[in-house]
Structures are given as C-alpha cells and as structure tokens.
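Reader: Hello! I am new to this structure and would like to learn how to read it. Could we go through it together?

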Amino acid sequence: MSALPGELIIYALLFIPLAGVLACCLPLSARAGLRTSAAVAVCESAIVTAAFLTRPLSHRIFALDNILFLDTLSLYHVALVTLVFLASSFYSLTFFKDGIERGTFTPQRARRFAMIWNGFFAALIGVLCANNLGLLWICLETTTLVSALLIMTDGQRASIEAMWKYLLLCSVGIAFAFVGTLLLSVAARNASFSPQESLLWTALYERAGLLDGRIMCAAFIFILVGFGTKAGLAPMHTWLPDAHSQAPTPVSAVFSGVMLSCALYCIMRYLPLCEAAMGMTGKAHAMLVVFGLFSILVAAVFIPAQKNIKRFLAYSSVEHIGIIALGLGLGGLGTFAALFHTFNHSVSKMLAFFSAGRLAHRFGTYDMTAIKGAVTTDPLWGSAFFTAVIALIGVAPFSIFMSEFQLVKASVDTARFAPLAVFLFGAIVVFVSALRHAIAVSFGSPLSPAKAREWSIRDAIIVAGCGCLMLACGLFVPRWYVAVLTNASNIVEGAGHLWDATGGNFR
Amino acid sequence: MKSPLNALVIIIVVSNFYLLSSSRLRALIRMAAVQGLILGLLPFFTQVRDFSGHTVVIGAGGLILKGLVIPLLLFRALRGVEEYRERKPHVGYTLSIIAGIGITTIAFWIGGMVPQSSVFPHPSVISLAISMAATGLFLIIARTEALTQIIGYLVLENAIYGFGVSLPSAQSLIVEMGVLLDLLVGIFIMGVVIAHINREFDSINTDMLEELKE
C-alpha cells in the first residue's frame, strides 16, 4: 500500500478547517460567514468517511516525517469532532438567525466568529493527529486560547468573567501537563531513545516498558491534573459550568461534546505508556478511577441545586466525563465502554444544548423555574430537550444506557464493587434530580401561550439525526462499529503490543 | 561553569521575592521582564556540553519574547487602566514574603534531594523551577488585579522554561518554538481580556467578577 493517499488524508483533515479560516477573511455576509463553517464541516466529514473506508483498522497513517499520524483511536475521535462540528455549525445558522435579522450580529462579528470557530476546529484536529506529544500539547493549548475568544462572543460582563476564569485556569492546568510531557522526554532519553524519538508516541509505545517507572509515575500525575483540568475532571472543573453557560449555545455544544473528550483523549495516549513503564501495576488506572468517581459525586451534589438550564447541562458533562474516566480506569471492557460512552455522550449532550438554547430563546430566559410546558409551547425543541435529558441520565433504549450497562458489567466482572457502588449512587442522584428538572421544564402549563411554528426543516433534520443516532446505538451496534471500538480500546489498553509483564521488556 | 549559573539562579530567586513584595503593576511588569531576560541566558550555561544552534535559538527566543515582547504587550494592556497598584490583595505583602521564604526553602530542600545525574544535571535549576512555579501559583491565588494574575501565569511559564532548558534532552525545535508562540498568543489574548474587563467594570480587579459565583 502506497503511503501517499494516507498522508493526503491527514493533510486534508488539517487543511480544510484552515482554508475555512482564510475564507472568513473575504468580505462575506453574516450568513455566508456562518455557512463557511458548515461547508468546512461537510468537506471534513467526506474526508473522514474516506479515511474509514480506505484504511484497514490496524493500519497507521503517518505524515510530515512521523510528526503526524492517524490510528483507529485518533480517527474515531476525529469522526466525533467532525460530527459535532457539522451539527453545531448548521445549528449556529438557527441560533444567530435573530441576531442577523435584527442586525446585532453584524457580518464583521459573524466572520470573526466563523474564523475562530474554524481555527478551533483545526486545533482540535491537530490534537488528534499529533504523534509528537509536544505538538499534542501545543495544539491543546491552542484550543484553549482560540476557544476562549468564542466564549466572549456577546461581550457581556458574565461572559467576560467566564472567559477570564477559563483562560487562566486551563492555561495554568495545561502548564502542568507540559511538565508531565518534559518528564516523559527525560524518561525516554534516559532509556536511550534518540532525541527525535523521545516524544514520538508511536516510538514510545513500542518500547514503553523501557521507560523509568518512577519518572513516568510523576509524569502521569502531572498529565492527569493538567489535561484533567481541560477535560473538566473534578476538582479542577470549576471553569466548566461558567464557560458552558456563558458561551453561545453552538459553542457550548462543541465544548461539551468534543473538547472535553479531546482532553481525555490526551490522557488515553499517556495511559498505556505510563502503565507499561510502571510494570502494569494498575496505579495509573487507579488514579483515573478516583478522579472519575469524584467527578460523578461532585455532579451529583451540584445538579439538584441548579437553576440555569445550561449550568445544569454543564454539570451533567462533569458527570459524564467522570464516567468515561471511570471506564478508562477500570480497563478491559471498561475502556470499550468508555470509548462508546464518549460518542453517546457527545451526541446526546449536543442535542440537549441545542434544544436548551432554543427553549431559552423562546422563553427569554435560562432560568429553569421560568421555563414551563416546553413540549406544548415548542413541540420540536421541547420534546428534543426532554428526550436528550432522558437519554443522558441513562434510560433504555438510548445508547447511554448501553454504555453505562457495559461499564457496570466491567466492574462486576473484575469484582470492583466499591467503585461500582459509588458510581451507582451518583448516577441515581443525578437520575432523580435531572429527571425532576426535565419534567418541570417540559411539562406543566406553559407560562406563555403557544406561538406559531418557530422551527425550520433544518432544525427538524438536526433533531431527527441526533435522535436516530442515540436510538440506533442503543438498540443495535453494527459489527464494524464494534470492531472500531475494540481496536481503539486495544490501543488504549496497550494490547496492540506484547508485553513481558515480569521484566517490563518488549518482546 | 558552576558559579555563573548559580549567580543567575540567585538573581532569579531575588526577582521572585520582588514580585511577591511589590504592589505597583508597572514595576511588576519590569521585574518580570528582568526575570525573562535572565532566563533567556540560562540555556547558555546549562547546555554547555551539547551547545548548538538549537541552544542559541531557544535562548534568544526566550530572551526576546520573555524579556521584551511580552512585557511590551503587558504595558500596552495597561493603557487606559486607571489602577497603578494592587489595592486589595487576598494575602498581604508581609505575609507574601514569609510565604516566599517558605516556598524557596521547601523548593531548594526538594531540589537538594534530586541527585545530580545525567538525567538531571542541574539540581539547582530544578529547585529554582519549583520555587518559580510555586511563586507563580501564589501570585495567581493571592492577588486580585487581573494583571498580577497574568504575571503569576508568566512566572509559572518561566518555571517550565527553566525546567526545560535545564534538561539535557533537547526537544525538537518545532515543539519549543510552538510552546513559546502559544505563550505569546496567550498573553496577548489575556491582554485583550484586560481591556474588556476594564471597559465593562472600570477596573481590572478580578474581585469585581462575581456574577457567576455559587
């Protein structure tokens, strides 16, 4: 197989969003500005589809002197990012419609928004395609810098505050991750990796058993705290509810849907390296379990008291990121469940944010106590919100139920009942309180009389698409999808290679 | 080559104390610039054995960005801002200096435990990095003016830069330049936010930012 088409895929993935950035420099109208991001997402999805179709599962694609690469784990996340950006950029046409008509969302602002939006997209793809772990860090920090500007789109006091908190906390957090990266390179140089190889993930992955276990243990702590800040793992999650609630809704959807998962993806890259270096003692996994459970509990404490609809969804993201971390920490089937859950959470949370944004627009407030009878007032978005929340708390037959079920199975199989008990306790508290919020918002007599239909065909397609994905993955998972997930979780598990567990040497 | 390196380390520790004890914003920027300049000199002393063009680029890049460009950006961010000093820090200055003494002692105690080896050839720079990181975090937590918090972030980044150049393993140039570029853009964006905060709140005191507390 020639290397060229593979390389082209990576370059195309990176180049298309960057072309979108450049396109926004043209004097476009507000709508056309937003449409460029939709066009970028459409082209990107075509490339992702092509990548899935042409690349054998266990095959890695390299580009740019091995600095960039794609394997199943990264391609899976690229697909996720593209899907969420696709839906969100179409949704942003709906979201900013009023602003454009009233003239508050000027062409200049729209172009700026679309430019940053595409830049954010490119940076996330950069994170996922990076083989050099230093480049991975740079791209993730770039996502922070770029997306901070997106939070401040409306320039209100609260959004400036949210942005400041986000920028400072995430930058400081990610600085810790860089210390982790440096420690990794120290360990690699000590194990006689060449300078070029000392940060190349594929090279380190092949011979991770040679790395110094103590240095790698320290590195993993820094990595977990650093990238965990960006992923919204408690107790480093404090920026998350503010940023999610103040950002424009399409941005909240992207934040919650994929940015958090991309930060967790970075941890997934380090997990097998650290475990192999520490001789498969499960220490790194245990740390993930602790952070995951703590996040679930924090969400369970804060969700019942939330009044702002987007803050409620943001805390739900903290819970789900906790669940994914827990799955990764359990390992084995848990890793599979975690990756599956990543997708399910993204789709459901995206729909939840979309509908929350529209309901807030319809009722003129984000205060859940003032939103009543949403299903009768706005049949499309009201029922979409209710369905999404129901799916998020893990009601069958939606897909999140399936992944959480796998997670429970994983912990029962490995006889880890303490984490299971904590998880179930947290999940039940969230279930009850989120259901209470959702029922209060969706049903009851509406405070404002039902108005004329306020949704377009585009909205209906977005809702139906998300709904179908949520249902389809809950009812029936196609065989190729299982194969992709298994392959990706094998990469995280480090099972792609054979380890001599006793000596920690590579066979 | 030990004593010039130690002299640099001592100057940077002193600059840490200045940052902890001064309340005047412009003086803080100036001292951060001095710290950046000295840090830029560090690679010329730590990477003596594997001295190369790489060392020059990293040193010069640090020197120009941390010692010149970033301070200028910060001065620019202060235009139109009325405050010239930190008025209500969460932790007072006497207490800050005592904290600084504690931080430095602990940092050098930890650094003293790191054996000098081929992995960590300069334990004193590691102590320095730890004390700078702690100073930076302290500034972010203990001060209320947005600018002082940026300085804190800058000191934290300086710590990482120092730690990075003290290691024998030179990263690829793309990575180090990318990191410096990210820092530059980050500080630039923070400067923009300062302007926004100042416009909305007529002050850059972050205690004003309290709408989202819960």
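Author: Gladly. Let us begin with burial: a residue counts as buried if 20 or more other C-beta atoms lie within 10 Å of its own, as exposed if 12 or fewer do, and as partly exposed in between. Keep in mind that this is a predicted model.

Reader: Then is A:Ala19 buried, exposed or partly exposed, and why?

Author: A:Ala19 has 17 other C-beta atoms within 10 Å, so it is partly exposed. You will find A:Ala19 in helix H1 of chain A, which covers residues 4–23.

Reader: Into which domains is chain A divided?

Author: Chain A has domain 1, residues 1–131, and domain 2, residues 132–506. Their C-alpha centres are 20 Å apart. Where they meet, 35 residues of domain 1 of chain A are in contact with 47 residues of domain 2 of chain A.

Reader: Which helix gives the most to the side of domain 1 of chain A that touches domain 2 of chain A?

Author: That is H3(A), with 16 residues. On this side of domain 1, helix H3 (72–95) and helix H5 (107–129) of chain A each supply at least two residues. By class, the side of domain 1 that touches domain 2 has 23 nonpolar, 10 polar and 2 charged residues.

Reader: And what about nonpolar cores?

Author: The general idea first: in soluble globular proteins, nonpolar side chains tend to be buried together. Here, the largest nonpolar core has 269 residues, and A:Leu124, A:Met216 and A:Phe385 touch the most other members. H7(A) gives the most to this core, with 22 residues. The core lies between domain 1 (1–131) and domain 2 (132–506) of chain A, because both give residues to it.

Reader: Which residues is A:Met216 in contact with, leaving aside its neighbours within four places in sequence?

Author: Among them are A:Leu184, A:Ala187, A:Leu273 and A:Met278.

Reader: How many residues of chain A are in contact with chain B?

Author: There are 35 residues of chain A in contact with 33 residues of chain B. Helix H6 (133–151) and helix H7 (157–190) of chain A each supply at least two residues of the side that touches chain B. H7(A) gives the most to that side of chain A, with 19 residues. Sorted by class, the side of chain A that touches chain B has 21 nonpolar, 9 polar and 5 charged residues.

How values were computed. Residues are numbered from 1 along each chain as its sequence is written. Chains are lettered from A and ligands numbered from 1 in the order in which they are written. This is a predicted model: local features need pLDDT of at least 70, side-chain atom pairs count only at pLDDT 80 or more; totals for chains, interfaces and linings use all residues. Two residues are in contact if their C-beta atoms, placed from the backbone, lie within 7 Å. Helices (H or I, at least four residues) and strands (E, at least two) are DSSP runs, numbered from the N terminus. Ala, Val, Leu, Ile, Met, Phe, Trp, Tyr, Cys and Pro count as nonpolar, Asp, Glu, Lys and Arg as charged, and the others, Gly among them, as polar. Domain bounds come from an automatic or database domain assignment. A nonpolar core is a set of buried Ala, Val, Leu, Ile, Met, Phe, Trp, Tyr and Cys residues joined through C-beta atoms within 7 Å.
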